[in-house]
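Take a look at the chain below. We will walk through a few of its local features.

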Amino acid sequence: MKQNLWQQSLSTVTIAALAAPVISLPASAQLTGQARCAKQSTAIFAQRSSTSAVVRTLAENQSVTLSENAAQNGFIGVSAPTAGFIQTATLKLCPPKPNPQGTCRRVSQTQGLIVRQRADINSPIVGNVAFNSQVFLTTNPATTGISGGRIWVNIAKPLSGWISNGFQNTPGTNLVYCQ
């Protein structure tokens with residue numbers, strides 16, 4: 001519901017910005033304090049103009065906190081990570097955040113994962129966990145270690161030990177959040 005309301009509001013703002021200098025969102029759309037993410041690398045400007053000074057550049061998917069309920073001339077105010085104005089056309093809903101409370105993860109590596117006694121490729125094997133099976137971390141956030149360029153995660157169930165969750169500086173992981 002919130003996503004549809006934001007999409008409708010953003011569409012209204014974007015379309016209306018071409019026709020009128022001031023755009024008001026429906027009273028039910030309280031945007032102040034909400035987070036949005038940058039679609040691509042984009043600027044936060046000092047004023048409502050792309051020719052004004054850039055106060056900060058955002059990376060793709062970096063979030064901002066909206067400080068207004070209405071956009072003017074295709075810009076809306078933001079209060080964080082710094083105060084300024086951003087073009088509404090460069091914003092999108094932020095991806096949902098994973099459940100910060102849960103320790104459940106699902107194995108996404110199609111070959112499954114080897115569980116070791118310690119966070120080291122040469123450590124003795126305790127067992128393995130199959131693709132799509134659930135594992136439970138010992139702590140949340142995960143207790144991790146780095147060895148041999150691998151990122152290791154300590155699990156408590158279905159057996160106790162360490163599994164590789166991918167490599168440093170390489171996108172992707174071997175675990176995803178349980179749903």
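How many residues lie between strand 15 and strand 16 in the hairpin that they form? The answer is 3 residues. Keep in mind that this is a predicted model.

Strand 15 covers residues 150-157. Strand 16 covers residues 161-167. The two strands run antiparallel, and 5 bridges join them. Strand 16 is mostly covered, with 6 of its 7 residues buried.

Now look at the turn itself. Pro158 sits in the loop between strand 15 and strand 16. The peptide bond that joins Lys157 and Pro158 is cis, with omega about 5 degrees.

Another cis bond is found at Pro81. The peptide bond runs from Ala80 to Pro81, and its omega is near 10 degrees. Pro81 belongs to the loop between strand 7 (75-80) and strand 8 (84-87).

Turn next to backbone angles in two other loops. Asn61 is in the loop between strand 4 (54-58) and strand 5 (63-66). Asn61 is not glycine, yet its phi is positive, near 70 degrees. Is Asn61 buried, exposed or partly exposed? Asn61 is partly exposed, because its relative accessible area is 37%, between the 20% limit for buried and the 50% limit for exposed.

Asn132 lies in the loop between strand 12 (125-129) and strand 13 (134-137). Its phi is near 70 degrees, again a positive value in a residue other than glycine. Asn132 has a relative accessible area of 41%, so it is partly exposed.

Note on methods
Residues are numbered from 1 along each chain as its sequence is written. This is a predicted model: local features need pLDDT of at least 70, side-chain atom pairs count only at pLDDT 80 or more; totals for chains, interfaces and linings use all residues. Side-chain values use heavy atoms; hydrogens and water are left out. Buried means under 20% relative accessible area, exposed over 50%, partly exposed in between (1.4 Å probe, protein chains only). Helices (H or I, at least four residues) and strands (E, at least two) are DSSP runs, numbered from the N terminus. Two strands pair if DSSP finds at least two bridges between them.
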